[in-house]
4 protein chains.
Amino acid sequence: MKALKYEGEANVKVVDVPKPSIKDPTDALLRVTLSAVCGSDLHIYHGRIPGCEGSVLGHEFVGIIEDAGSEVRRFRPGDRVVSSFFSSCGHCYYCRRGWFNQCASKATFGYGVHFGALAGGQAEFVAVPLADHTLEPIPSDLSDEQAIFVGDILATGFFAAERAEIEAGDTVAVIGAGPVGLMSIMSAQLFGPARIFVVDMVDSRLELAQGMGAIPINAAQTEPVEAIKIATGGFGTDRSIEAVGLLSAIETAINCVRGGGTISTVGVPNHTSGEFPYLLAWSKALTFRSGWCNVQAYMRRLLDLIAAGRLKPDAIISHRMKLDDGEDAYRIFNAREATKIVLTP
Amino acid sequence: MKALKYEGEANVKVVDVPKPSIKDPTDALLRVTLSAVCGSDLHIYHGRIPGCEGSVLGHEFVGIIEDAGSEVRRFRPGDRVVSSFFSSCGHCYYCRRGWFNQCASKATFGYGVHFGALAGGQAEFVAVPLADHTLEPIPSDLSDEQAIFVGDILATGFFAAERAEIEAGDTVAVIGAGPVGLMSIMSAQLFGPARIFVVDMVDSRLELAQGMGAIPINAAQTEPVEAIKIATGGFGTDRSIEAVGLLSAIETAINCVRGGGTISTVGVPNHTSGEFPYLLAWSKALTFRSGWCNVQAYMRRLLDLIAAGRLKPDAIISHRMKLDDGEDAYRIFNAREATKIVLTP
Amino acid sequence: MKALKYEGEANVKVVDVPKPSIKDPTDALLRVTLSAVCGSDLHIYHGRIPGCEGSVLGHEFVGIIEDAGSEVRRFRPGDRVVSSFFSSCGHCYYCRRGWFNQCASKATFGYGVHFGALAGGQAEFVAVPLADHTLEPIPSDLSDEQAIFVGDILATGFFAAERAEIEAGDTVAVIGAGPVGLMSIMSAQLFGPARIFVVDMVDSRLELAQGMGAIPINAAQTEPVEAIKIATGGFGTDRSIEAVGLLSAIETAINCVRGGGTISTVGVPNHTSGEFPYLLAWSKALTFRSGWCNVQAYMRRLLDLIAAGRLKPDAIISHRMKLDDGEDAYRIFNAREATKIVLTP
Amino acid sequence: MKALKYEGEANVKVVDVPKPSIKDPTDALLRVTLSAVCGSDLHIYHGRIPGCEGSVLGHEFVGIIEDAGSEVRRFRPGDRVVSSFFSSCGHCYYCRRGWFNQCASKATFGYGVHFGALAGGQAEFVAVPLADHTLEPIPSDLSDEQAIFVGDILATGFFAAERAEIEAGDTVAVIGAGPVGLMSIMSAQLFGPARIFVVDMVDSRLELAQGMGAIPINAAQTEPVEAIKIATGGFGTDRSIEAVGLLSAIETAINCVRGGGTISTVGVPNHTSGEFPYLLAWSKALTFRSGWCNVQAYMRRLLDLIAAGRLKPDAIISHRMKLDDGEDAYRIFNAREATKIVLTP
């Protein structure tokens, strides 16, 4: 079958690889109908994730069950499903408490040997381990494009918003208007904030954010913390969400909230550690939340919200391409010429 | 000054009464700029509330501070304010816990001797006791019509929605599409439900509700519980809100929720007591909440949400009349020819 | 094997019945090491539950896995386990949301044909359907007597306390000091209340409750609502728990809470429906929760708390008898000569 | 009157100063009946807080109202009260939202010119600004020693425990067994944890903590994170509380929690900023809370809990001395020869 393979820094290729098959009785084999290129795929592309050489990439995908192991109970061949970007067992210490993102058997699709050595979904077929607790059925009235993001970036945006403790009437700042930032804005709107400010330096992203009801602040033109303080009577926002992964973005997220506020960060940190303003956090009584998204806990609910027209994640898709053009897709996405690219096999 | 007085069943008159004045150092005197006729004013009009003869009516009003007692700290003459429909002291056992609706000094404007003997706001002036904890300042960019309902029906709708424990993605049923039901729908939308069903028997009300994003069910044409069950895969909604006050409406609200669901009722009950399905509530593990709205806890937040364009309570105003025409206003409202009437002095 | 069978009103017998066996691949066969007689077994004994003739009774039991179906994943022969009093599938609409007590496949052990026709655990062996989601492993340092009540009455008491929304410093009233009431007191203590009042008419039960830190009120000697009002400065308790199932007990539970308070009832209602004080509930803004316990959601946590010495449910065992003496056990328990009876095969 | 004055590093003196008096109508004058020496008083003593020269020290005190300004509503001469360690107005943006610790008018007693220039309570009399929102009445059945700590260290311990999100059955680690750590343990017990581990290097403190039900870990003898991991099956505790203020203690608090856990820090940070493990916090989805205690929100509730015998904060008092011996008190406390010292005028 065809699959997009990582061959080294800035080097991906569509090649022929053996079609995967059911190995464990809890596996499902998926015929992929749509996959997407994620911002975190670029970390691999930039050579920053060790152990990815030779991997089939892709952790955002939907498809149709082609075959299911004997212990798969929730799915049968022909079912349309969306996958979480990582697998979970449903039975361990963490899964039984609902913390699927901490599952002892967690493995990330298409992220190399240090993340579980799972082949990814930018391919014609993908084998999904622990299918009952990794996949979610897609309601028949949803398209692949509507469903695909509940497995990663939409769930991450919702996770960010939920952990930000937004109450109806609150003000919120979202730092970063990339795909995850846009999903955070869309999700934050579900919690009834009075106003959402969004900080970025790219006008086209800010325009998309504005279309979702956010108030844009271009950090290339204005000092964002100051702008937010002025707009909130000097106090700052009640909550902030950080969707970038840089220390400078975290700093902005911390500085723009009022005393007693909450900062929720979901950007994958680009540094192992860094400075934290302990005295400020103490004197302002802040809450700082960080986290790899607990996708499995949100997939069904998000599909319901999309079906009801309350969330429109597919609105951010800027490019629809063929898997065969995967090499171009990575080049374009890396050049920031696309907001979000989806691929059909 | 001019004021609208209750003189007996189906008999209200605009008459001349002495202008009120500051009596206690915590009083404020308000020059009324807008008042409204509330569904609960009709209970008086129908002669069902004893002790109202001779009362100046009206518990929904906004105005400008004309004079303030020496211990009023939050307001000065010239300030624009909206009033809660009842007064609270801010210092008693209940107020200190945030339960202003249980305040030991609670008195309801324009509701007769059994509710504190306070003259109401359908008048040119009104004296407001315990002003610091009964009034809320109106942001300068809000009109009187935008602000007035935070003192009663909008706060009640929000209270209903908050106590319904709605989570993003839930389904909700609102029983009753009168003014409070409409405010409940508008407020429920702030909690991110996937779908809101609304049940009423008047098409024009259902159309207004539909305009707010609800799915209408005309109970005159369809059995509503059955309709809701069918639309939710046989399960029922996650939450329901009752905004009528009749036992039949409460029954619908109870029967349309799924196991583990929550019923939130705010309609003023028209009976002291009545049947409750104890065995059903136990086997389905239901939560049943009821309540006179805790207005003071919500006024500021609701004003923020209106200022941000998230809530548009003035959309339900159907008639704008003069206080001089108060007699007509009550007649029209009683005949159900108006959704909501506001009066200017 | 030996088993205790219901043969008609006030007529139970220990008889020989065929040993059960694994039928479905999700079944487990348990060798029972301890069972208990529950207050709700007396409903059967009194002939009030139709469809129980010929049933093996008993829904509180612990044991050792003798055999497990091919799809049972969490247990192997030799494991010590405690059972919920009802089975749940873990995969349906409700189970996936954590509402195991609303499971589409729910069946109650030893409760006759209208509750799923499951043979009970007052026997040498019992077949447990859907074992992965019905049983919980017992930590090795816990005795059978310590573990058995997490499958029913302790979980019910904890469920009652959790749903009562108790906050540290609150006052609580528990109506009824039978086994469930005592478990409610023990559980309520985990939420940090300042004081717990307990209402009953049997001095020996009140003494047990007092030993758990509650303040006893004998309703045969004092009007309990009045006594509670006096002890709380006229306000009433913040929360109440009803653990009887009679309308009069529910009435006491409603009347003894303050404005804004919460009533949590878990007593199995002895009437399908009855009077409810709608106007009072509205004017005091009450929350009324009722419910069949969601046992499966609590078993593990409760076992942890028992292992840590924070809960001592076995303290209420008054009689340790042999299964052979089951007939006596029912007679004694029915005569209210025992607080709680456990049986060993 | 007599008062304890800070005259420079390691130099405090009991001297004669003018008796304070009512200046603002919201002031109260207190005749101090008990004060305490706090760990944060030692920061002044060590010369680390600029602007304290010449200040009367002391921010933990109780007393009797001697005189009250004309606008003080809650208190009259003769009332026994306990003070928060800082004043709050009750009316500003923050106070109206319940965040008294962020009050625009906040001033700390006895902490020098940079914290509001308020004379402290280690004196015969103290003037309390904004008395209605800074003081709390003491129930008549509580002694001064029982009540005094609700104004600082007990409230801080409770705040730490509440923000740690402890649920019944959780495991908790408390880092530091000084006065605040001990109060945190006592408070954490109100949330029903299965087990509390406490980490310190002083055996006498660990023994006190053990007496409160905690499991002691002496960090001088064992690596605490490893010890906690072993005791929790390799997972770590569900929650941790940091009550020291050193980066090393915060590091332990972060490292000892499981994935999805919560760290609540209340120790006054001894550094403005420092390293934070961003990648770990993200991959484990941690919540990090920090904060200057919101004392005023807890005083009444804590007094209720003490009155009910649920909290016994006076158990940590090791030395009862006279104000005249204040110089000795500071010397002994600084030498760590006392757990907690109280002073009577």
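Reader: How many residue pairs are in polar contact between chain C and chain A?

Author: The model is predicted, and the count takes pairs with both residues at pLDDT 80 or more. On the side of chain C that touches chain A, the residues divide into no nonpolar, two polar and eight charged. Between chain C and chain A, the residue pairs in polar contact number four.

Reader: Which residue of chain A forms a salt bridge with C:Arg73?

Author: The rule finds four salt bridges across the interface of chain C and chain A. For C:Arg73, the closest N and O atoms of the bridge are 3.2 Å apart, and the cut-off is 4 Å. The partner of C:Arg73 is A:Glu71.

Reader: Which residues of chain C lose the most area to chain A?

Author: The contact draws 10 residues from chain C and 10 residues from chain A. About 1100 Å² is buried between the two chains, 35% of it on carbon and sulfur atoms. In chain C, three residues together make up 47% of what that side buries: C:Arg73, C:His91 and C:Arg96.

Reader: Which residue of chain C lines the largest cavity?

Author: A search of the whole structure finds one cavity of 30 Å³ or more, and the largest cavity holds about 40 Å³ of space. Its lining divides into three nonpolar, two polar and two charged residues. From chain A, the lining takes A:Thr26, A:Cys89, A:Leu130, A:Ala131, A:Asp132 and A:His133. From chain C, the lining residue is C:Arg73.

Terms used. Residues numbered from 1 in each chain as written. Chains lettered and ligands numbered in written order. Predicted model: local features only at pLDDT ≥ 70, side-chain atom pairs only at ≥ 80, totals over all residues. Heavy atoms only, no water. Contact = heavy atoms within 4.5 Å. Buried area = accessible area lost by both parts, 1.4 Å probe. Salt bridge = Lys/Arg side-chain N within 4 Å of Asp/Glu carboxyl O. Polar contact = N/O pair within 3.5 Å; in protein donor to acceptor, adjacent residues only side chain to side chain. Nonpolar A, V, L, I, M, F, W, Y, C, P; charged D, E, K, R; others polar. 1 Å grid on protein atoms, 1.4 Å probe; cavity = no way out; pocket = protein on both sides within 12 Å on 5 of 7 lines; lining within 4 Å. Points joined across faces, edges and corners; volume = space filled by probe spheres on them.
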